[in-house]
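Please report on the chain contacts, the ligand site and the backbone details of this assembly. Keep to what can be computed from the coordinates.

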Amino acid sequence: MKANFKYNIIWLIIMISGFYLMNTLILIGVINAFIENMLVTIGINIILATGLNLIIGFAGQFSLGHAGFMAIGAYATAIITQTATTPAGFYLSIVIGIVVSILVALIVGIPTLRLRGDYLAIATMGAAEIIRIIINNMKITGGAAGIFNIPQLASWPTVYTMVCVTTIIIVNFIHSRGGRAVTSVREDEIAAEAMGINVFKWKLAAFTLGAATAAVAGSLHASFLQTISPNDFGIMESISILIIVVLGGVGSITGTFVAAAVLGVLDTVLQDFGALRMVIYAAALILIMIFKPSGLLGTWELSIKRCFKRFGRKERVKQ
Amino acid sequence: MTSLLQVDNLVKNFGGLTAVSDVSLHLNNNELVALIGPNGAGKTTLFNLLTGVIPATSGSIVLKGTNGTFALNDKKAYQIAKLGLSRTFQNIRLFKNLSVIDNVLIAMTSRYKEGFLSSIFRLPNYYKTEQRVTEDAKKLLALFELEDQTDVLAKNLPYGTQRRLEIVRALATKPQILFLDEPAAGMNPEETANLTQLILKVQHRFHITILLIEHDMSLVMNLAERIYVLDHGSLLAEGNPDEIKSNPKVIKAYLGEGE
Amino acid sequence: MVREGNVVQTIFQQIINGLSLGSIYALLALGYTMVYGIIKLINFAHGDIYMLGAFWGYYVINVWHFNFISALLSAMVVGAVSGVIIEYFAYRPLRHSPRIAALITAIGVSFLLENGMSYLFSSNTRDFPQIIKQVNYNIGGVLISNIQVLILVTACILMILLQVIIKKTKMGRAMRAVSVDPDAAELVGININWTISFTFALGSALAGAAGVLIGLYYNSIDPLMGMTPGIKAFVAAVLGGIGSVPGASVGGFLIGILETFFQSIGLSAYKDAVVYFVLIVILLIMPAGIFGKNAKEKV
Amino acid sequence: MILQVKDLIVNYGVINAVKGVNFNINEGEIVSLIGANGAGKTTILKTISGLLKPKSGKIIYEGKAIQQQKAPKLVKAGISQVPEGRHIFSGLSVMENLQMGAFLIKDHQKIKQNFSEVFERFPILKQRARQDAATLSGGEQQMLAMGRALMANPKLILLDEPSMGLAPIFINEIFDIIKEINKHGTTVLLIEQNAKKALSISDRGYVLSTGKVQLSGSGTDLLANKEVQKAYLGG
Amino acid sequence: KTQTAGNNQTGNTIKIGVNMELSGAAAGYGNSQKQGIQLAAQEINKDGGINVNGKKKKIKLIIKDNKTSTTTSASVAAQLVNNDKVAAIVGPATTNAGTAEIPNITKAAVPSVSPSATDPNYTKQKNGKVQPYVFRACYQNNFQGGTAAKFMTNTLKAKRVAVFADNSSDYGTGLAKAFKKSFKGTIVDSQSFSEGDKDFNAVLTSFKSKKIDAIYVPGYYTEVGLIIKQARQNGINVPIVGSDGMADPKLAQIAGNKNASKIYYTTPFSDDVAKSNPTAVKFMNAYKAKYHADAPTFSALAYDSVYMIKSAIESEKSADSIKITKGLSKIKNFDGVTGTITINKNHDPEKPIAIEQLTNGKVSNSFNIK
Ligand SMILES: Nc1ncnc2c1ncn2[C@@H]1O[C@H](COP(=O)(O)OP(=O)(O)OP(=O)(O)O)[C@@H](O)[C@H]1O
Ligand SMILES: Nc1ncnc2c1ncn2[C@@H]1O[C@H](COP(=O)(O)OP(=O)(O)OP(=O)(O)O)[C@@H](O)[C@H]1O
Ligand SMILES: [Mg+2]
Ligand SMILES: [Mg+2]
């Protein structure tokens with residue numbers, strides 16, 4: 001009991017010191033607007049990819065429509081903060097984005113989550129495309145031009161906090177009764193049913209939770225970037241989130257963090273390469289997968305508890 | 001006497017093939033019953049019907065358990081499991097990439113509540129529940145001499161141990177009836193003897209009813225109080241081991257001459 | 001301009017439009033289905049092999065003055081060879097890895113081909129040499145071109161040919177055996193690598209041929225041309241039941257006809273949305289697509 | 001001597017599953033390998049049939065070293081395996097599964113003849129010829145696996161627990177079939193949990209324990225051996 | 001640390017950033033623009049550079065790819081203004097990527113000239129005021145769409161028109177909207193297509209049955225070329241009118257010369273105009289010499305964008321970003337390839353517009369619209 005408390009406190013300290021570290025670096029100018037921009041993008045990608053990792057890596061459901069839910073959050077924020085240009089308006093828009101995306105996730109998930117494997121992937125991809133096309137043809141969303149001049153109500157502290165919050169929610173969910181049920185669905189649906197687990201319910205739970213976090217990421221994206229258009233949420237965006245998940249290691253949240261950071265840095269470095277950029281990116285993708293098929297970290301997870309134990313063991317060995 | 005599980009006129013068709021045809025049987029409380037029959041007789045299919053993996057074409061399955069009487073026909077597999085029917089599989093279906101203890105904990109999920117918010121925000125309640133169920137799981141594993149293997153991935157266990165873990169996992173759901181599908185398949189005589197002891201232990205310790213499919217007659221004849229014989233989807237015979245052993249129809253269809 | 005029979009004519013014309021668009025999707029979907037059928041991999045790069053075929057045709061016709069048949073055949077060879085090379089370098093090392101890893105490499109290969117070609121030869125759109133002069137036949141006011149007929153016929157012939165190969169020949173049986181159990185396939189004497197290479201060659205040759213045919217039909221090619229039809233063709237393959245040859249064709253035609261239908265009733269802005277909607281509805285009724293076997297696991 | 005295994009060592013990554021095994025089989029023999037779960041029996045069989053590559057050691061078949069050959073080559077040379085867990089081709093019909101067995105045979109007449117032999121031995125397969133092999137019962141699948149191996153006309157057949165999951169009446173039948181196959185000139189390497197039955201039809205047997213040969217001898221000798229009786233014969 | 005406003009240029013070079021779609025969906029247009037930009041910079045540097053208050057300074061281009069993504073465009077802009085300290089930016093090509101860079105350049109007070117962001121509101125803030133650092137070299141949609149509408153009524157005498165717009169970008173939808181707003185006749189049908197589409201037969205067949213006098217097709221040459229081809233093959237011979245996205249020699253190649261008749265499009269830059277404009281003649285010859293192809297409109301617009309920055313620097317006698325901004329907003333009668341340009345209070349270029357007509361794939365006529 002006490003020990004658990006200790007680990008939670010350590011995590012909290014890490015998160016708070018991370019915040020102050022960044023704050024200081026920005027103040028003394030080590031992190032300029034450009035690096036801040038990169039870090040925020042990485043943060044948003046982390047939120048997106050942890051949510052997708054929950055769906056793919058833990059629940060074993062191959063969803064290829066994550067960008068659709070991101071779009072819902074983004075447009076909720078863009079539309080609402082047009083009129084309610086206050087932080088309160090922004091947080092309200094996040095909540096509305098979450099609610100709408102959960103509703104849509106239910107509408108999409110209830111029929112499609114009965115499908116398996118690649119069929120599910122295509123169905124979710126289709127659902128996301130439907131969302132995008134509807135947005136593309138609506139008036140309130142600005143059609144293909146999208147919405148720009150969105151007030152910037154999310155800066156890096158908001159994004160940082162949201163990364164922490166969504167990660168905590170997802171990681172804690174994974175390590176709870178629900179998380180175990182979800183993992184059993186991935187491992188063997190028939191055996192899970194035979195153990196009294198309502199497979200469908202848990203699939204849907206993971207799917208909606210993932211969708212809700214994607215909506216949060218969308219809200220942050222819209223407010224930070226101040227411009228959105230339907231093209232930001234196409235199939236390619238869903239694929240690039242998928243790439244983060246797989247590259248980091250399906251089923252490793254730590255891996256998702258690492259991959260989002262690596263790809264974020266790679267992406268900015270490659271800006272200088274013009275037309276060659278995507279060639280290099282593609283080659284890197286292929287090589288990483290060939291040499292590390294289970295992703296950068298596989299299913300390895302950073303755990304303070306384990307660090308302590310290992311450290312403790314070493315101490316004991318020394319004595 | 002009312003029986004714990006009453007099955008009447010159960011039928012299952014696969015297209016043109018009738019895998020189970022008009023089977024009626026019953027299981028009494030704390031009984032150990034065996035189901036035997038030639039390959040393809042429909043034994044596994046019958047298990048699948050009873051545990052809701054596939055729906056029956058017709059017939060009725062009624063459970064008169066400690067919590068009341070339920071018709072199981074139109075229930076989903078997970079609902080049936082929650083009502084206290086648990087099973088192992090002919091081809092091992094453990095959660096291969098998960099640890100031994102996770103396999104057991106998953107089976108226990110339908111037995112406790114944790115609350116979404118309390119687990120997400122790590123409220124004290126979460127830790128209390130986690131601690132309680134983990135201890136329960138460890139106790140159960142200790143009973144089957146698996147306490148040293150809690151963190152081993154299921155797929156890395158030796159075959160015989162995997163079979164054992166499957167039984168533990170099935171027990172973790174706190175079943176009233178346990179279905180075992182060929183638990184001794186692939187085991188040598190010594191291992192089979194150990195398994196026999198284990199099954200007896202389970203029956204007595206947990207006061208549950210067991211129905212088992214097995215082709216290893218040494219195990220069946222040692223354990224079973226009653227035996228049903230299935231052939232071509234229908235019941236061929238029913239009786240105690242001695243009756244079955246000497247039943248000419250069973251010898252002809254299943255046991256064969258000699259030995 | 002308004003004449004008697006105009007409505008009927010329009011309907012027939014739209015049917016022709018739908019069929020010829022569908023035949024293009026079908027042609028591409030066949031290749032997807034073959035590869036998926038054997039190694040359960042969504043070969044994202046399939047659409048890009050189609051692009052390579054088109055560029056090859058463009059090059060040899062313009063520079064080496066190939067005629068149509070030799071351009072088509074050589075594009076098939078180029079498609080086959082590139083398919084085999086891609087399989088060898090990018091997919092074979094991942095054969096025993098999780099499928100999703102191979103999917104990411106496939107995406108990587110697709111990006112590499114698209115952007116590599118853009119980098120080497122610029123991302124400009126080019127006009128494909130009109131080596132066969134397009135002739136329109138007017139059948140009672142309904143127009144159909146010789147190239148449309150050519151594509152339609154080719155797609156049908158290839159479909160029948162593939163179905164025969166898979167169902168009736170030893171190689172076809174070997175392909176199916178490898179797809180369900182590679183180890184057991186080796187134990188009956190099947191060379192797995194060879195079989196998989198063969199499948200890739202076959203599927204990619206189809207893509208190569210499609211590149212030339214479609215290049216000729218639309219008269220415009222560019223390095224990203226494989227992207228949209230690639231995804232559509234994959235959807236077609238899934239709709240028809242991925243792994244099934246007749247399924248790929250039916251799926252292709254169905255999508256072509258649906259797209260045409262919804263455009264003709266004025267829903268052009270939503271044409272893709274409606275197609276995806278129909279896809280989802282069909283999958284709900286038939287979870288493994290129209291021709292797919294919903295192989296439930298035997299417990 | 002049709003097969004000779006010399007100092008065979010096989011690893012799975014860092015796990016050393018077979019630790020220097022020696023044995024041989026003469027033409028026309030039935031030889032049994034027995035041993036507890038995890039002793040390495042399946043691993044040895046897979047190495048012989050070319051599915052696994054040994055770390056070191058030699059496998060000599062008809063005078064040629066084959067340890068580097070791949071499975072398809074060895075099938076051509078006359079080695080067939082009935083794998084553990086059956087590995088029938090689901091999605092293909094029973095008939096097609098059997099056709100696959102004769103994959104390398106070009107002579108249609110021969111294939112036809114093999115078909116009729118297999119159907120004679122396993123009449124149930126004929127009844128189910130058009131059924132998807134995946135939906136067969138466990139025992140039926142075992143027969144199909146055996147039938148498929150026989151379709152290749154093997155000189156040496158490797159059987160990995162052929163009686164697993166079979167009804168008692170069929171176990172006897174399977175062993176009869178093995179004897180009969182052997183009588184028709186096929187050499188048999190047999191792995192069994194049912195050691196009593198296996199040794200009783202074997203010319204010779206080897207007892208394996210944790211990756212090493214512990215004992216060897218004629219079938220009857222091993223059956224009479226006290227240690228073997230205790231560990232593998234159930235009393 | 002507070003940001004000192006603007007980027008000052010010391011040393012002997014002037015850094016100009018290029019935030020461009022070099023990969024992704026708009027790579028084709030982006031790469032054309034890059035060529036125009038490089039040509040302009042090369043020319044200027046060959047002349048010794050830009051005259052900053054009597055001292056000639058060479059241009060140093062810093063070219064970065066935004067892969068047609070808003071996120072990346074914002075990042076590229078941030079890098080250009082903060083790390084590379086550029087004095088001005090050329091790009092991006094698309095409105096979406098363009099709006100994404102605005103927050104970052106505004107914070108840093110660095111102006112940007114987009115060669116082809118056409119949304120009317122691109123240069124405006126939410127409250128309707130002008131975006132202080134945002135400029136463009138192209139027409140905004142309302143102007144072009146309105147011109148096409150007028151031309152349809154007055155010159156083509158078209159009463160019943162079908163609209164077939166690219167709705168995967170603001171370009172096509174924006175023009176369609178503007179066109180519909182100002183067209184006086186009947187819009188018989190309005191349909192749309194997406195970037196990458198190749199088959200337009202279904203919509204064209206439905207147009208055919210509707211008795212139309214003309215079709216308005218705002219979009220890029222890649223798709224419009226195919227629309228023309230398929231329309232003609234379907235026996236639709238009415239005039240097809242479009243926008244400057246079509247003004248590319250490839251249009252006729254894709255459509256096929258014999259199909260490319262009765263084709264009209266609004267353009268600032270044409271063979272015809274060029275003949276009377278020495279700047280354009282010089283540009284076209286230089287372009288041909290360097291790239292061995294006819295210059296597309298996108299290259300011309302990008303080329304002009306660079307020269308607009310040069311002119312701003314020279315008139316303000318300073319290469320500091322804030323000064324350049326001021327200079328840009330004061331541009332008057334600038335002699336560009338795409339016409340004589342005056343920047344109005346909305347930071348939109350006012351320049352003459354022409355309509356070109358194609359017959360058998362060649363420009364056969366051009367109309368000056370007042
Ligand atoms: N999903 C299915 N589709 C079609 N036929 C099936 C299906 N499942 C089982 N069968 C058929 O039903 C019959 C009974 O199969 P089942 O698996 O119940 O046999 P069993 O008694 O368990 O045999 P064994 O002892 O060999 O395991 C078999 O003939 C089998 O082919
Ligand atoms: N793919 C594998 N990866 C790692 N270890 C393996 C693998 N397959 C088998 N092993 C290990 O190698 C050893 C020998 O296994 P093998 O399957 O050959 O035993 P066996 O004698 O056939 O046993 P059984 O009677 O259970 O079939 C065992 O310890 C097993 O855990
Ligand atoms: Mg069974
Ligand atoms: Mg074995």
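A polar contact is a pair of N or O atoms within 3.5 Å; within protein, one atom must be able to donate a hydrogen and the other to accept it, and residues adjacent in sequence count only if both atoms are side-chain atoms. This is a predicted model, in which local features need pLDDT of at least 70 and side-chain atom pairs count only at pLDDT 80 or more, while totals for chains, interfaces and linings use all residues. Residues are numbered from 1 along each chain as its sequence is written, chains are lettered from A and ligands numbered from 1 in the order in which they are written, and side-chain values use heavy atoms, with hydrogens and water left out.

**Ligand 2**

Taken alone, ligand 2 exposes 640 Å², and the protein buries 66% of that. Accessible areas come from the Shrake-Rupley method with a 1.4 Å probe; for residues, only the protein chains shown count as cover. In chain D, β2 (15-25) and α1 (41-48) are the elements that give two or more residues to the shell. Helices (H or I, at least four residues) and strands (E, at least two) are DSSP runs, numbered from the N terminus. The largest share of the shell, three residues, comes from α1(D).

In total, 14 residues surround ligand 2. A residue counts as near if one of its heavy atoms lies within 4 Å. The closest are D:N37, D:K41, D:T42, D:T43 and D:E84. By class, the shell has five nonpolar, six polar and three charged residues. Here Ala, Val, Leu, Ile, Met, Phe, Trp, Tyr, Cys and Pro count as nonpolar, Asp, Glu, Lys and Arg as charged, and the others, Gly among them, as polar.

**Chains A and C**

Which chains share the most contacts? Of the seven pairs of chains in contact, the answer is A and C. Contact means heavy atoms within 4.5 Å. Chain C brings 46 residues and chain A brings 37 residues. The area buried between them is about 3,500 Å², and carbon and sulfur atoms give 84% of it. Buried area is the accessible area (1.4 Å probe) that two parts lose on being put together, summed over both. In chain C, the residues that lose the most area to chain A are C:I100, C:I104 and C:F111, together 17% of what that side buries.

The rule finds one salt bridge across this interface. A salt bridge is a side-chain nitrogen of Lys or Arg within 4 Å of a carboxyl oxygen of Asp or Glu. The side chains of C:R99 and A:D118 form it, at 3.0 Å from N to O. Five residue pairs are in polar contact across the interface, both residues at pLDDT 80 or more. On the chain C side, α3 (68-91), α4 (99-121), α9 (227-240) and α11 (271-285) each supply at least two residues. The largest share, 14 residues, comes from α4(C). That side divides into 35 nonpolar, seven polar and four charged residues.

**Other chains and salt bridges**

Chain B and chain E do not touch; their nearest C-alpha atoms are 31 Å apart. No contact joins chain D and chain E either, whose closest C-alpha atoms lie 38 Å apart.

Over all chains the structure holds 33 salt bridges. One of them joins B:R169 and B:E166, with the closest N and O atoms 3.7 Å apart. Both residues lie in α6 (residues 159-172) of chain B, three residues apart, about one turn of the helix.

**Backbone details**

Most residues other than glycine have a negative phi, and most peptide bonds are trans. The peptide bond from E:G91 to E:P92 is cis, with omega near -15°. E:P92 lies in the loop between β4 (88-90) and α3 (95-108) of chain E. A:N149, a residue other than glycine, has a positive phi near 60°. A:N149 lies in the loop between β1 (147-148) and α6 (156-174) of chain A.
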